Amino acid sequence: MILDSDAAQKADTLGSPHREDPDLLAIRDLSIEIRSGDRIVRPVSNVSLRLRRGETLGVVGESGSGKSMTGLAIMGMLPAGGIVTSGSITMDGKELIGMPESDYRAVRGNDIAMVFQDSLSALNPTRRIGDQVAEPILLHLGGSKRAARQRAEEVLALVGLPRPSEKMNDYPHQLSGGMRQRVMIAMALACEPRVVIADEPTTALDATIQAQILDLLNDLKSQLGMAMILVSHDIGVIAGHADRVAVMYSGRVAETGLTPTLFGDMRHRYTQSLLASIPTITHDKADELFSIPGSPPDLAMPQVGCPFAPRCAAATDLCHEAAPGLTLEAAGHSYSCWHPATGPSAPMRSRIATATATIAGPEATPRLSVRNLVREYPVGGSTLFGGRKTVKAVSGVSFDVAAGETFGLVGESGCGKSSLGRMIVALDRPSSGEVLLAGDSVTRMGSRELGRRRAELQMMFQDPLASLNPRMRIETILREPLDIQNIDTRGQRAIRVRHLLDQVGLPAGVMERYPHELSGGQRQRVGLARALALNPLVLVADEPVSALDVSVRSQVLNLMRRTQHELGLSSVVISHDLAVVRYLADRVGVMYLGKLVEVGTCDEVYSTPAHPYTAGLLAAVADTDPLAADRENGTAVRGDLPSAITPPSGCRFRTRCSQASELCAVVEPPLESISGTHQVACHFPLVPKQIASPTTT
Amino acid sequence: MTTFITHRALRGVVALAAASLLIAGCSSAEPAGSGPTGAVFGSLPTSAGEPKAGGVVTVAQAVGLAPNNFYPNRASSDSPFSAQQAMFKYLYAAADVGSTQSINADLSLAELPKASDEGKTFTIKMKDNYKWSDGKQVNAADVIFSIDLIKAAIAESPANYYGYVLGGFPENVVSMTATDTDTLELTLKDSTNPDFFLNNVASTLIPLPSTAWNIAAAGGEHLDSTVPANATAIYNYLSKQGREQSTFASNPLWQVVNGPFRLQNFEAATGGYTLVPNDKYTGPSPSKVEAMKFLPFTSTSAMMNQLKAGALSVGALDASFASEVTALKQQGYNSYGRPGPTQFNPVVINFKNTTNNFDKVIAQLYVRQALQHLIDQPGYIKSRGIYGGAGAPSYTIGQVGTRFAPSFGDKAPYPFDPAAAAKLLTDNGWTAGSDGSRTCTSPGTGTGNCGAGIPAGQTLSFNLLYASSPEAIANRNTAFISAAKQVGITITGEAKSLNFLYENADNNAAPAFKDQWAMADEGSFNASTYPTASSYLKTGASFNLGQYSDPRADALMTASERSSDPNALVAETTYLGENLPYLFMPNPANIAVWKSDISGPPASFANITRYGLGLLDPQLWYFQK
Amino acid sequence: MAWYVLRRLAISILVLIGITAVVYFLLYFVQGSPGRAVLGQRASPESVAAFNTEHGFDRPVLVQYFSYLGQLLSGDLGQSYKLNQSVATLLGQNAARSAMLSLAALVLALVIAIPLGIWQAVKRNTVGDHLATAASYTLYATPQFLLGLILIAIFSQAIPLFPSQASQSPSPWVIFTDPRSMTLPVITIALTSIAVFARYQRTATLEQLGQDYIKVARAKGLPERMILTRHLLRNSCQPLITLVGLSVPALLAGNLIAETVFNYSGLGLLFLNSLQREDYPVLLAYTLIGGALTVFGNFLADVALAITDPRIELSA
């Protein structure tokens, strides 16, 4: 059934829970071009979407899929060189495209408001937040400055900012990320708009905060009777909070439908592949993740056929030649695919033998041992007089990693996991404590010996573009560590480089290219290859996939898991993403404010979390898991991370813990065993402690 | 009016002149004229119009030379008032530019000195028509007072008197007596040529008010300055007061003057000052104007802009501004230019440079003659790139039109003539090779031979260092070098900073550099009004340019200093012009510009070209009715 | 804040003492014989020796340095060799005039350059922007004295609107009492600064325009003009504040060319002349003041930054 765009809109209307409401916002056949110089990019092509009163439309897609551009087009805020080439956007039947700028300004921030991704730059750093929130009120609603501030305070209270009257006079940098995001929501809602476009509203936030913000948005939406467009690359976010979902790919809408339909019974091959490639905390670890080959198309190239065809396993010649039209199914479910799927793909069995982690006996020397590691950074300038403040980044962390084992470190940003990672590979010296590599103290090594042993400790960084020298060819980048350590002859080094590329699944042709010529996934493969170049004993991967798009992420994750097993590496994987850690690690440590609060095997920690914090983290993730069966909010972590300069006394988590008692404020709980491999640092663990802990005998 | 005003004092002017070249427009220079008066640039209008009382004459001060000592017998590091003569008259007034004399007897405070006792004793008779502004007569005691203070100053430190010459005046004064109030008898150690005495000793003297200034503290006791201890105390007091710039105009000491003007106002920050007529002045031609304002300038181009705006009455410019004169004429300015009367522009020869036998080669007079034949003085003067008409040829020290002019007059002994140069070389055993360069093919000391110490195969090849600014210096040397090339002499030119040359070349004060320069052109030098070269060309002189040493020249110079023959100096200047102790370059003109609404005796404006504003007679100027 | 100031002050004094030592010894080894420098090449060796003894230049250099430091502590900057005045007097006479000229030029430059830079950034890569950029480069590349002379030729000689020289009054307030005569000098100095400042401002504005808060402001429905004045201006001025802070030393001394061309006696000229006269006490004091002003300018910039940017805290 192939329909024209009018029919598509009609189809779009059907099956909505808000069927009776008239369209609040309608986008028809929207196409956008951005010109810069001779280059023309078409970020949005023939997109049609509808939004009804009270509804949340989730728009999901990878970077470059056109989702944010669609949002900006609604706001009339296309970037320089951007024009709407065709289509229309109507709000309450009023055409927005071509509206005079002064009229548009009256709509912007008033009828339609936008919540941007939190970044420190999203709020003006030099103006007080009260003024920033009052600004649109004064602009659109008029009235006195005082009245506007009054209203601003009300809105700040509404978004749950504690002590709003005081915070009115704060500057953005004085607030935490979560608070800033609340302020941004307050700014958007100040004039009670009818449509809110939330563009990646929680992407920069930690999982515990993310859940709070999404719930807040949801509540406010119903409270104020707004409609919302929730734009995100995070399928979990969309799944948890949207009534309907539009999946975008390469500037087009691939599939639209009610949320349960879309995730439970998708038709488009892209939707299906995307969902299959996301690791979840309930994923069976024996299964290898599905990964979509290749990378999204270049939007500056004219597109022929289905844009997903080059990456689609089901693609036929037809897919490459003709763009699929819109197919309508029941309940407003529509898609553009020549060979529709029928629901989620079956789990794929891993092609590699899942070697069970070789957890060494207590008598064997662990490959890597971290003993009581402490790292404190001074803040503020050095002083001639008086003491200095320090950030307690890492406060006494100990754990062992056996040969061939992968240890995962999870925790919110600022918990000290990256500092720990840097100390392990000797990029930073601990304030106290030591790191042992196969029994030898790396910390106490002189610089000459360390230089020799450095080869055995390698690191893979989060941002592959920033960590690769932009002026070096890939071959040079990979050969450099070999040159420095003076390994092999020149000829042998070239062979080794070729082998490394092969190992990470890159063609030899990549050697001649520069980092910026590669895609994000390719660059991260180079990052891994470089880390592997010297046959390290220990590999520390700090947020190895968080900068990558979803469809590419699974490629790298699979690759990492395969190499870990093949090479018998001991790895430390650091991530804020619990699912990633679970997928890669054998054992996992949960960090909170510089301390390990729970350590155990993945199964233990994920299925029976003992620390309230771990439970809270898991709950926050479950909340946004599209496939999670039940969503419970009981164990959610409240509030913000306290300052690492003056951490709370006793148990550091007590300020956010629902079970905290006075004991927690006085006595710091030690890390104690629950079972042979499972330890927790809590006075009131969710799983009872072993009475006769082997460590205490 | 010093002996040998050094080139160093001119340095500030030179540096800024370079920058000001940029504003030289396309206006063409005035045609160069020349005549028996020696006027070389522009013409002197006759004094016109009836004098009108009142008005303020504004004068542009020389750049970077703000006065910083009021005490007239200043130290060598001090800058005097450019109009000092208008307040404190020299014992002998300088003659007008173009006069055959060097002294203007009529305007002087004393009759010309009379020599006696084998030229050792000189009698100076003071005129009686000059009074200090406190009513006291200017008399012989004032001259003795001045000399006593100079002696006291030198006793403390030779640096304390700008005119100090080792063993010279006043150390060679055996006695000085006032035989009566108006008559001074001065006896020197050696017999002294009367012209030398008049020009190099007597005319440098400035009588000081001996009854007003003979104190050692404000309101202090009047002391007898003939007692050396008193003289020292007085000198110390006066020289300290003289350096208090903030009290220049208010200190009662400095209001006692004998010239036609007194200081009314002084701006310590900028060096600008105002003179008003001294109403107690008793000499000839009292001032007709209300005031003379001396304006300070930070650059010659700033001065030029003010001239163009018509905001200045009088200014002094250097030759590089010749091209601006037409523009100034349109603004209603008169202009007149000529070189200073004792100026000379030597290409200094290093007679001791042994590199490539240069000392042997240059010792040959015919070589120096050949080189002088290659310098096209009239051509350089005419050239737009060099002097654009604002200059005059110079063939020895004494200038044409003065009593000390050489006997060959204005006829060049070795005029520009490359053929003559080539012939001199050929005749003396130098043969041009296939590439044109000359080598000595006839060594020996006989006729037609190259000369003593010059071996066969010797080349004519040496270096010439010249000041990198002003541009004219570089240009004239480039022209010279290229002319030399034509006759087979290879000169390597090298531009150097003036400072570098002062420190390393000219008088070989840097022995380590002695063999590294053969010739050097540093631009203009000034000699005294009695231009004997004894201080810079005599064997053993402390500042001997290029270590020139010639027995006959030495004898002539001694005669210029010591004999009683009034024509001794003519013999010296004639011989030096022919013997070529250095090569002569043309003298650039100093240019005087003054607005046509002021007038006065033509010579009073022409005199500006002598030492810039150094010896002004501003009382002669007036606004026309 | 008070602690911060005290600490900075303590460090500054140490830095300044360091500067005196470095400059003193450098000049000592450069100058050779001060007597020769002061009295000239023609002075007799006796005069030179006498001068050196009189002024203590025959003592060991360390003794000379410490006696100089001692003088400094008692506020005595020494005596000029050539000008018969104390260095303090000389600086006092010239500093205020130089500072006022520079300050006026600086204010003018900022008033023009900030809006111009912002305008260029907003209209980036348009004809107007390119023209302004070309003009900036031209002005920056033009030697200042040439610029001054061109302005004089046009606005003083061709069209006699302004005098060709600055006011000759010794008062530092001539900017206000005789603005017409100060117009050309101020403009000459300002033009060069405008070129630099506008480039900085353009770059800084471009960076700020890329920040999300601008997008947020737009999403609020604010008109562009208000976005620029309320949100962008303060944030985009910060690099310029640092630059201006660094140019504080030039405030006193940086106008040599303008002072020369416009006949305005100031510190820059005093320095040049002292250099030519080898008047070392003046050079030494001048360098010291330059050092002090650099330290002070940095400090001022830090404080100004802390005031404009709440993220910066001046903590001890």
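**Briefing: paired charges and chain contacts**

A:R194 counts as partly exposed, at 29% relative accessibility, where buried stands for under 20% relative accessible area, exposed for over 50% and partly exposed for what lies in between (1.4 Å probe, protein chains only). This is a predicted model, in which local features need pLDDT of at least 70 and side-chain atom pairs count only at pLDDT 80 or more, whereas totals for chains, interfaces and linings use all residues. Residues are numbered from 1 along each chain as its sequence is written, chains are lettered from A and ligands numbered from 1 in the order in which they are written, and side-chain values use heavy atoms, with hydrogens and water left out.

- Side chains of opposite charge can pair when their charged atoms come close.
- Over all chains the structure holds 45 salt bridges, a salt bridge being a side-chain nitrogen of Lys or Arg within 4 Å of a carboxyl oxygen of Asp or Glu.
- A:R194 forms a salt bridge with A:D92, with the closest N and O atoms 2.2 Å apart. This pair links distant parts of the chain, since A:R194 lies in the loop between α7 (177-189) and β7 (195-199) of chain A, while A:D92 lies in the loop between β4 (82-91) and β5 (94-95) of chain A, 102 residues apart. A:D92 is partly exposed, with a relative accessible area of 37%.
- A:R50 pairs with A:D23 in a salt bridge whose closest N and O atoms are 2.2 Å apart. Here too distant parts of the chain are linked, with A:R50 in strand β2 (residues 39-52) of chain A and A:D23 in strand β1 (residues 23-36) of chain A, 27 residues apart. A:R50 is buried, with a relative accessible area of 14%, whereas A:D23 is partly exposed at 23%.
- A:R587 forms a salt bridge with A:E405, and their closest N and O atoms are 2.6 Å apart. The pair links distant parts of the chain, as A:R587 belongs to strand β21 (residues 587-592) of chain A and A:E405 to the loop between β14 (389-401) and β15 (406-410) of chain A, 182 residues apart. A:R587 is buried, with a relative accessible area of 13%, and A:E405 counts as buried at 1% relative accessibility.
- Salt bridges that share partners join A:R53, A:D92, A:D111 and A:R194 into one network.

**Chain A as a whole**

- Chain A has 23 helices and 24 strands; helices (H or I, at least four residues) and strands (E, at least two) are DSSP runs, numbered from the N terminus.
- Of the 697 residues in chain A, buried residues make up 56%.
- Chain A exposes about 27800 Å², of which carbon and sulfur atoms supply 51%, with accessible areas taken from the Shrake-Rupley method with a 1.4 Å probe and, for residues, only the protein chains shown counting as cover.
- Among the contacts in chain A with a separation of 6 or more, residues 24 or more positions apart account for 68%, contact meaning heavy atoms within 4.5 Å.

**Chains A and C**

- In this interface 29 residues of chain A are in contact with 27 residues of chain C.
- Chain A and chain C bury about 2500 Å² between them, 64% of it on carbon and sulfur atoms, where buried area is the accessible area (1.4 Å probe) that two parts lose on being put together, summed over both.
- Two salt bridges are found across the interface of chain A and chain C, and A:E135 forms a salt bridge with C:K220, the closest N and O atoms being 2.9 Å apart.

**Chains B and C, and chains A and B**

- Of the two pairs of chains in contact, chains B and C share the most contacts, and 37 residues of chain C are in contact with 41 residues of chain B.
- The area buried between chain C and chain B is about 3200 Å², and carbon and sulfur atoms give 51% of it.
- Between chain C and chain B the count is zero salt bridges.
- Chain A and chain B do not touch, and their nearest C-alpha atoms are 43 Å apart.
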